[in-house]
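Morning, everyone. Please put the model up on the screen, and I will walk you through a few parts of it.

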Amino acid sequence: MDKYEVTGMSCAACQMHVEKAVSQVKGVVNCNVSLLTNSMVVDGTADEKEIIKAVENAGYGAKKIGGSGSSIGKSASQKLREQEEALKDKETVPMLKRLISSVCVLLVLMYFSMGHMMFGFPVPFFLNNHVSLGILQMLLSLIVIFINRKFWAQGFGAVIHGSTNMDTLVALGSTASFGYSLVALFIMVLKMADGNMAAVDDLAMNHIWFESAAMIPTLITIGKTVESYSKGRTTDALKSLMKISPKTAVVIRDGIESVVNIDDVSVNDIFVVKSGDSVPVDGIIVEGSAAVDESAITGESIPVDKSVGDELSAATINKAGFLKAKATRVGEDTTLSQIIKMVSDAAATKAPIARIADKVASVFVPAVIVVALLTCVGWMIAGQTFTFAFTRAVSVLVISCPCALGLAVPVAIMVGNGVGAKNGILFKTASSLEATGRIQIIAMDKTGTITKGTPEVNDIVTAENIDQNELMKTAASLEMKSEHPLAKAINEYCRNNQIGPYEVTDFNVLPGSGLYARHGDEEITGGSLDYISGRFSVTDELIKNAGIFAEQGKTPLFFARSGKVLGFITVSDSIKEESRNAISQLRKMGIEVIMLTGDNPRTAKAIGDKAGVDKVIAGVLPDGKEKNIRELQKKGKVAMVGDGINDAPALTRADIGIAIGAGTDVAIDAADVVLMKSRLDDVPAAIRLSRSTIKNIHENLFWAFFYNIICIPLAIGLYQALFGLGFELKPVVGAIAMSISSVTVCLNALRLNLCNVHDDSHDKPLKSDYSGKGNAELLYGDNNEGFALNPSENTLENPNKTAKIKKTIKIEGMMCGHCEKAVGGALGKLDGVVSTIVSFEKGTAIVLMSKEIADDVLIKAVEDEDYKVISISE
């Protein structure tokens, strides 16, 4: 994808002409031109010179920026400077100078044309006749026309190249006024020579329009200046990201600190970040700790505490502390550079809704010229004077505004992307920004998306007369030697609470979900309720409490010492603090929320109810998410939210893929939207921003179409003819209206900067038939319409009869949901397995198969995951 800067465009018609010209170049696959940023993005294999030649032949200028060809050998900072230069507002200052010059000359012209003629303002004696005054007005209007000659150069230049644009309309309207006045002045000279002073007075008062010829380009320039300034403001977010990009870094080489250019930093370099300094590149902390302001990346204003092993992103600021870090990503690979690229690329792409305006704009100017000619002819046929008919035609030319049509969509998209970037929400394309607001169903991966992705200790329940600290020390003594994910949760809890383990010997993992070790002469044992209750006496109260916690999706782990049960600890993958509120907001928006998980139905249902989702699809195999998305798409527009490598196919398949920023690079690459803060409540925020942007686009398009639909008939004089309205639109008033139209669209788009993406007070559903019920409906399997779980019997029903064989495998060694996922994943990879339901509590795996699979194949799949198969039955 190559990017070009395009010069000479003034309206949507220009944009369409450039697109059309470049699209016809051999090798061009796709071309998008942005009037807002005066840029063009070209996909394909076409030669750079051919593309630039096509643009120049259309009457415009082009220069390549960044991209592949012109950027060979250039550093990341050089490319960034090129992008920054391309985004600079190069129009407003020259236009403001032009405007001031025009207004100064126009005021002098108005003094003589209106001040003297209408109000009797004094003039020098040699101007005290209509002819000399008319000649002075002609000269002054020529000066204004020369100052604004760009309208004529681009307007008539477009005609020479076989096209038309807004400048064509302005140039035609002003030239027609000037030409008419010039003819009237010539006739006035002849009448004066004949001594017909009455005719001279009539011509001077009613047919000399030099002030209109000068006022039309001046008023349009006023509108263009304000419009240019407003357009410049829409790219503020992108420019601010570029400005904070670090220029230098302090690196340690041969034990010496030295300041180097940012382009000289390499991967694995050690760099230093002192208090108050910006982080130069992405890296991992190897020494020190600090509070780091990450607002530039995530939009979160509260500094985050960082220490050894934590990651740093370029352009974040060390608020307090000292850090040494090893560079991991430099140049164009840093997080900041990727954000700038995403926002910039999104601005260069075109939203589908923009095609409507483009189609209208492509024929707008020629249609207006035809309407103006028909207006003039029509009024003369109707019996009006040529002056009246001519005035109406000029009014039609100057009041018509294709600019508002061309700006309606891109200004809103640019501002919307900027607001998203400030809040850590990145839309990769304009299409994704538009489509996100139309989502009807959201499917979410459970682990790392709804939940934290790391098991935590939730509850500690001791037996009678047992101290909690004693239970935890015993647990830590066993689990410190285990590699199981649940063991890591207990070890982390003990470290944080400064609970030290006993010194143990003879550690062993026992068949049937148990752990064993010795502390001196005492035996220490741990494991599931089934394992512990089969060896020791467990009170009814502990069994009852364990069952209650299991229903909540938690895993109870029992511990005993010297034959006495000390109690149990529950461990689970906790739901993120913001998940329930985020899901509640989505449902309030009328979006159906579905959780995808490989967990057993009991745990999945408990987590689904706690999170507040509408449906839970449990037992999804690692490669089965994409199939579920495909099925869900039969019901409506689907978004997938995920963070892992195994989520990438589903993110790609979904209408909109939303990646959690802390997830894998593969998931982020596959997604359409990236949430930098990794918070689930940014999902409804992204949808809210998309809906606000779509609403703003609709308002802009309505105004652009409404303005032309109302004002062009007014300029023609239809309302006067049909309804007898006395108001007659002058060309000067038409020029004012034309300027206001474009400015209104830009200012309306800037209102998006006031959008609070986290305010849910105005949320409402897009469809009226949605009704969340509060409890999660439970489905099971890779095909959410093929299998339904009967929770009371814990069996699978198969209404579509795709599975012909069912086998139940009795397994030893499973202790939690992670074990279930490992066994289910291993069996699911076998050719012929349709679906599985694994329960660590029952120690079983039910396998549905479309064809016979040998028992030894099933046994090998399970035992390769370090679990023991006891039996297989059909």
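Some ground rules. This is a predicted model, so local features need pLDDT of at least 70 and side-chain atom pairs count only at pLDDT 80 or more, while totals for chains, interfaces and linings use all residues. Residues are numbered from 1 along each chain as its sequence is written, and side-chain values use heavy atoms, with hydrogens and water left out. Helices (H or I, at least four residues) and strands (E, at least two) are DSSP runs, numbered from the N terminus.

Sheet one. Four strands make an open sheet, in the order β2-β3-β1-β4, and the pairing is antiparallel. Two strands pair if DSSP finds at least two bridges between them. Which strands sit at the edges? They are β2, residues 28–34, and β4, residues 61–65, each pairing on one side only. On average, neighbouring strands here are turned by 25 degrees against each other, direction ignored. Look at β1, residues 2–7: five bridges join β1 to β4, in the antiparallel sense. Opposite E5 stands K63 of β4. Contact means heavy atoms within 4.5 Å. For angles, axes are lines fitted to C-alpha atoms, for helices over the stretch in contact, and values run from 0 to 180 degrees between N-to-C directions.

Sheet two. This open sheet has four strands, ordered β29-β30-β28-β31, with antiparallel pairing. Its edge strands are β29 (833–839) and β31 (868–873), and each pairs on one side only. The twist averages 20 degrees from one strand to the next. Between β29 and β30 (residues 844–849) there are six bridges, and these strands run antiparallel.

On to the helix pair. Helix α22 (residues 579–588) packs against helix α27 (residues 682–716) at about 30 degrees, with the axes 8 Å apart. That makes α22 roughly parallel to α27; angles under 35 degrees count as roughly parallel, over 145 as roughly antiparallel, 65 to 115 as roughly perpendicular and the rest as oblique. From α22 come A582, Q585 and L586; from α27 come V683, P684, I687 and R688.

Last, the rings. How many aromatic pairs does the structure hold? Eleven. Rings of Phe, Tyr and Trp (its six-membered ring) pair if their centres lie within 6.5 Å; planes under 30 degrees apart count as stacked, over 60 as edge-to-face and the rest as tilted. Take F178 and F210: centres 5.4 Å apart, planes at 65 degrees, so the pair is edge-to-face. F178 lies in helix α7 (residues 166–193) and F210 in helix α9 (residues 210–234), so the pair ties together parts 32 residues apart in sequence. Buried or exposed? Both F178 and F210 are buried, meaning under 20% relative accessible area, with exposed over 50% and partly exposed in between (1.4 Å probe, protein chains only).

Next, F558 and F568. Their ring centres are 5.0 Å apart and their planes at 40 degrees, so this pair is tilted. F558 and F568 are both buried. Finally, ring pairs link F702, W703, F706 and Y707 into a cluster.
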